[in-house]
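Please look through the structure shown here before reading on. A short report on selected parts goes with it.

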Amino acid sequence: MSNAINSDEPAPPALPEDAPLPIDARKTHVAAEFKHDFPLTTCRIDPTGRFVFAGAEDLNVYRWSLTEKKEGDKPVAKTTFAGHESWVRSMDFSPDGQWLYTGGYDDHIGIWRADDAQPKPVKMVEAHKGWVRWVRVSPDGQLLASCGNDNLVKVWKLPDFELVQQFEGHKRYPYAVDFHPDGKRIASFDLMGVLKEWDMETGKELRSMEAKFMWGFDLKFRADMGGARDLRFSPDGKTLAVAGLTEVTNAFAGVHKPMILLVDWDAGKHRQKLKVDSYKGMAWGVRFHPEGFLVAVGAPQGGASGALWFWKPGEEKPFHTVKLSHCGRAVDLTPDATKLTIAQFDGKLTVYQMTEKTAS
Amino acid sequence: MTHPRTSPIALFSMAAFLWFASAALAAEQQPVHQRIDSLLAASHPQFASFAASRCSDSEFHRRIHLDLVGRIPSAKETREFLDDDTSTKRETLIDRLLADPRHARRMQYVFDEMLMARMPATNVPDAEWRNYLRQSFLANKPWNQLVLEILSADGADPQLRPAARFYLDRNFDVDLLTRDIGRVFLGVDLECAQCHDHPAIDTYLQQHYYGINAFLSRSYLFTNPKNKQKQLGEKAEGDVKFTSVFTQESSQTNPRMLDLPEIPDPSESAKQYLVKPDKKSRGVPTYSRRLKLGQAMIAADNIDFRRNIVNRLWAIMLGRGLVEPLDVRHEQNPPSHPAVLELLAEEFLQHNYDIRWMLKQLALTEAYQRSSYAAEEHRETAAKNFAVGLLKPQSPEQLAWSIMQATGAADAALATKEAALLKSDPKFGAGRTTHPLWREEALHDALKANVDQFALKFAGQNGQTTSFGATANQALFLMNGPLVDRWLLPGSNNLTDRLKKQTEPTALADELYLSVLCRKPTVAEVAEVTEYFQTVGDRDAGIQEFVWALLSSAEFRFNH
Amino acid sequence: MRRDTGCNAIDHAISRRAMLAGSAAATAVGVAGKVLPAETKQLATQQKRILQVFLQGGVSQLESWDPKPGTRYGGPFRAIDTSVPGIRISELLPHIAQRMHHLSIVRSINIKTNSHQQGHVFMERGRRAGVFPYIGTVAAKYLAPKTASLPGFMHITTRGLNDNTNAFLPAEFAQLKLPGAAAPENLKHSGKLTADAAKRRNELRRRLSQRFSGKVGQPAFTDSYDSSYTLADKLLAKKGLFEGDPPPKELERYGSHPFGRNCIVARKLLEAGSTCVKVTHHGYDTHAENFNFHLEQLAEFDKTFCMLLDDLHDSGMLESTLVLIMSEFGRTPKINQRYGRDHWGTAWSMALGGCGIKPGAVVGMTNEEGTAVAEREVDGRHLFHTYFRALGLDTTDHHDIPGRAIPIGDPTGEAIGELLA
């Protein structure tokens with residue numbers, strides 16, 4: 001085994017044979033690829049790591065097994081979750097991985113048994129007037145937060161979907177929500193780059209912050225472009241990551257640059273604005289990797305060169321970039337954080353492994 | 001045939017030929033302008049009875065200024081002309097104005113509109129193209145040479161790149177070019193002949209359209225990878241085939257100019273290149289069909305080329321084309337005075353396509369120098385027969401310059417420019433400011449932005465017809481717009497300022513009328529001015545109102 | 001015999017008929033001719049008018065009149081029922097859905113161009129090529145009474161091309177552009193001129209002009225020039241239309257955004273006697289984020305337009321007002337990687353209603369995935385004929401301008417008969 005990154009460093013000690021391979025983002029490679037014949041809109045891996053789910057432009061959600069051993073040329077089986085009347089752009093799970101919640105552009109949240117052999121929605125809840133843009137389950141699994149085109153952020157009690165909170169205050173579409181890991185607060189981010197913090201106890205708005213550089217007004221077309229394409233707290237709750245865009249020069253042609261904003265949550269300050277200056281397009285997904293780096297995917301304005309970026313907090317440029325076979329729409333990590341999945345515009349759901357390639 | 005000169009005209013129109021022959025026999029030795037008048041007079045038995053009289057000196061003076069230098073004359077110039085007793089003063093003035101640098105600017109405006117129809121500049125900057133035109137007219141470049149340059153330009157030769165604007169800013173759309181080449185250079189609109197022989201016009205054939213098309217069909221727009229400039233490349237093969245949408249009959253043609261013979265490709269040239277076309281280089285074939293277009297266009301046997309331009313020059317001077325609209329000549333829309341058209345076309349050839357010569361001949365005609373005022377009962381007949389001066393709407397550029405001339409805005413701008421030059425060049429500045437070319441360019445640079453504003457508001461039919469229409473937006477621009485309003489405010493020796501200082505009523509009315517309408521007021525008009533001021537009460541306000549009313553009057557709006 | 005080919009150029013129209021009248025007449029264009037006998041073509045009985053809503057940039061047919069939910073290119077929006085059983089439109093138009101019985105839909109437009117400019121002029125002129133008058137100009141010329149108190153063709157737009165809208169028709173019928181809900185340019189004097197002085201000097205101008213015009217006797221020119229001041233005066237007299245903020249109640253109904261305000265002005269202009277009022281709603285050229293942008297744009301359009309439609313209906317004007325909702329083209333079925341849809345002239349839709357139009361009809365259809373017209377293909381020619389036939393104008397007749405006769409509608413096209421009431 002050669003370690004070519006820095007030849008001055010001593011070779012690492014040999015690993016015991018049954019230990020998992022160490023994470024090395026630079027070694028990220030394709031481990032599996034699932035194909036679908038419609039563009040994918042998002043993807044999530046369930047908390048048990050058994051499945052990856054993806055939304056598609058054919059209005060369905062699909063499930064592939066991540067553990068099933070591939071037999072010869074036979075593709076891994078794909079299971080269809082049909083029930084929405086529009087696209088699903090956001091999904092989440094109960095902490096035990098038994099329940100799947102899907103937020104649809106048909107105003108509904110779908111509730112499904114995640115491992116059903118022949119899935120049917122257990123329930124479709126009319127959650128917002130206008131698209132359900134985002135769904136997120138609380139860390140304790142008791143609540144689900146959603147936001148939608150009625151400009152509302154709502155909190156539902158699980159499993160019976162009783163509405164327990166409704167936060168009003170966004171003037172334009174909130175794009176995404178996330179629970180703070182302490183479970184007491186919710187963050188939401190809207191079209192205009194307005195970031196709000198809500199108190200679960202009192203139902204009040206705690207803070208409103210702005211990230212106007214993640215929004216642009218196209219003077220020529222008189223249109224606003226902005227919003228979060230992904231939103232995630234770090235596991236320690238100190239940082240909020242917002243994926244989206246910046247430097248909008250032509251909204252209608254999609255001319256802008258991707259941006260990942262890191263917010264110092266306690267201080268309420270922008271800690272870092274991660275940009276890739278040479279890249280025109282959108283950042284569609286972001287995750288905190290437990291080893292301390294960030295994973296993000298993006299889609300270009302033109303051409304097929306989607307990107308998977310790896311950032312170390314504090315550094316300006318990604319320390320590693322993987323070119324995707326097409327636009328990346330979302331990224332998610334396996335529970336053991338050795339793998340990630342990416343939903344793509346060309347209908348591919350790609351599984352990447354962030355370790356050295358193994359012989360098998 | 002006993003005609004002393006053999007002429008290709010005879011091939012085209014026997015009737016025209018006979019007219020021309022008889023007129024020519026009788027008038028062979030006369031100057032061309034007199035022969036024009038003879039032909040016009042002979043075209044109607046009662047011509048003399050309805051023809052308007054010769055225009056007054058002030059009418060002529062204003063008219064010739066507008067036509068040749070694109071703006072009205074100053075009060076001072078008008079006074080001098082009226083006071084001049086020389087019998088040849090009109091001809092002297094024509095010569096002087098044709099040699100004036102402002103004439104080249106006027107021609108630049110006219111031909112820019114004719115050739116480019118005010119379309120946006122995308123590949124060749126406006127300023128370069130306009131400068132190319134103006135320099136051509138400053139040098140009195142013969143029309144055939146100018147057209148040869150325009151139709152042969154490929155955009156690669158830096159010297160002639162501006163000339164390539166005709167092609168490049170039409171994005172080398174071959175169908176658009178075919179149509180515009182027909183309209184602008186030949187006076188025929190072949191658009192419908194693209195799909196079928198013209199259903200209503202026997203003379204417009206599909207082969208005419210595709211004959212012109214075939215000169216260009218092998219060429220294409222090429223982006224020079226080095227400087228990203230658009231240029232023309234050409235392939236060495238490709239033929240033009242066409243099918244009628246009615247008869248489904250197919251045919252094929254080589255390049256040809258309307259009814260003239262097809263131009264065969266030289267056999268040895270097939271598929272041969274000087275530069276092979278690829279991503280990095282524009283194709284240059286050994287034999288270029290495109291380069292044949294300019295040559296075929298200006299060839300002596302292509303009489304339609306000359307008919308078109310002389311008709312357009314006639315329309316500029318006389319107010320309406322012999323063929324009208326200017327781009328729709330065909331059997332069923334023949335010239336109103338075919339013999340005149342043929343005479344002009346032939347003499348234009350004899351005089352080496354000299355535009356200034358032609359304009360002078362037209363300006364010397366009695367037809368040009370007739371009054372716009374005809375007795376009421378004769379008006380219609382006189383107008384049809386060029387026996388009365390026709391109204392010519394001022395172009396946007398003429399209007400802008402005329403208003404700036406009348407109000408004194410032009411003089412003020414020039415004075416500022418002169419002062420600046422004297423300051424920056426104390427040694428030779430004084431000498432340079434007297435140079436007509438310097439004065440023209442300095443004035444133009446100072447006031448170009450105003451002219452552009454007028455062009456935006458007043459541009460209309462883009463040079464293909466002499467018809468006229470006015471809009472509410474234009475009226476509002478003159479009534480309430482900041483430009484005109486500013487020029488009406490009293491300022492360093494401008495018109496309102498001069499009028500303010502003039503206390504004697506007749507002298508005031510004189511200055512007012514001479515400055516704006518380029519003529520002396522009648523006695524009744526002098527009284528009207530005085531009376532108006534009395535009605536207003538405030539004399540200064542009255543002056544501005546009166547100047548505005550004159551500037552906005554029909555007498556000012558039209559060249560007459 | 002001549003085939004009427006409907007080809008577009010002006011010279012087609014320099015007809016033998018005109019020539020038989022004598023070549024001199026045919027060439028005396030606009031010079032000695034009398035002012036046109038426009039009255040002969042005017043519809044004397046009742047003034048009819050047009051409200052033209054132009055969704056600039058190309059509205060997506062899939063997000064409006066021809067939804068295909070659940071198909072390959074259907075996008076995320078659903079179709080909803082309307083007040084006309086059997087007609088379903090996009091959920092982005094809920095207010096229109098309730099008023100579908102006032103409108104009809106054409107779902108089979110193929111203009112064979114994907115260029116904004118070409119599409120726009122084809123839809124306006126009803127001719128694929130050549131310079132012809134726009135819908136509004138034709139309406140102004142033939143539908144406006146001589147006594148109309150406003151220019152016949154007014155276009156409310158915050159942007160827009162400098163179009164030659166009147167072509168060979170007199171310039172007084174050209175569009176008068178209003179920059180949004182604001183007054184036309186130069187409606188207010190830029191300096192210190194009092195109203196009295198303005199009136200006084202304008203009367204002087206008229207007197208001076210008349211003296212000259214009487215002597216030269218070329219009314220085609222001098223009358224047109226004078227009429228430009230008359231039109232300007234009419235606008236000035238109606239200055240009040242552009243002054244002051246609309247009442248809060250109206251703004252609440254129409255929306256306080258520019259399109260809402262523009263539509264309030266449009267209604268006022270129609271009520272005040274303008275013959276064609278065109279309102280352009282910008283922002284449909286969605287090469288990126290088609291769905292997010294259509295969500296916002298159409299929400300604005302749907303509600304506001306319906307308030308205007310209601311007001312026309314309630315005042316009884318709808319019967320005599322042709323309402324057009326059009327674009328220069330539609331948008332590609334294929335959704336690109338920016339969630340955009342691109343230019344698409346091949347298979348798209350528009351809606352129309354009011355005067356002379358059979359309500360609640362759907363003409364034509366596209367195929368299952370919306371990639372082609374499946375039935376009853378039409379283009380700008382047929383639509384142009386349809387509008388004016390609905391308004392009672394014989395579009396096979398000719399523009400009778402001195403020396404020429406030019407067919408009003410393209411002779412190769414004809415009206416869509418099933419749309420005519």
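## Model and numbering

This is a predicted model, in which local features need pLDDT of at least 70 and side-chain atom pairs count only at pLDDT 80 or more, while totals for chains, interfaces and linings use all residues. Residues are numbered from 1 along each chain as its sequence is written, and chains are lettered from A and ligands numbered from 1 in the order in which they are written.

## Chain C

Chain C has twelve helices and 16 strands; helices (H or I, at least four residues) and strands (E, at least two) are DSSP runs, numbered from the N terminus. Of its 421 residues, 59% count as buried. A residue is buried if 20 or more other C-beta atoms, placed from the backbone, lie within 10 Å of its own, exposed if 12 or fewer, and partly exposed in between.

The domain assignment of chain C gives domain 1 (37-183 + 248-419) and domain 2 (195-242); such bounds come from an automatic or database assignment. The centres of the two domains, taken over C-alpha atoms, are 34 Å apart. Twelve residues of domain 1 are in contact with ten residues of domain 2, where contact requires C-beta atoms, placed from the backbone, within 7 Å. The domain 1 side has nine nonpolar, one polar and two charged residues. Here Ala, Val, Leu, Ile, Met, Phe, Trp, Tyr, Cys and Pro count as nonpolar, Asp, Glu, Lys and Arg as charged, and the others, Gly among them, as polar.

## Chains A and C

Between these chains, 19 residues of chain A are in contact with 17 residues of chain C. The chain A side consists of twelve nonpolar, three polar and four charged residues.

## Helix α8 of chain B

Because 13 of its 16 residues are buried, α8(B) is largely enclosed by the rest of the structure.

## Backbone geometry

Most residues other than glycine have a negative phi, and most peptide bonds are trans. B:Ala117, which follows α8(B), has a positive phi of about 50° and is partly exposed, with 18 other C-beta atoms within 10 Å. B:Leu258 also has a positive phi, near 50°, but is buried, with 21 other C-beta atoms within 10 Å.

The peptide bond from A:Leu158 to A:Pro159 is cis, with omega near 5°. A:Pro159 sits in the loop between β12 (152-157) and β13 (162-168) of chain A.

Definitions and conventions: Two residues are in contact if their C-beta atoms, placed from the backbone, lie within 7 Å.
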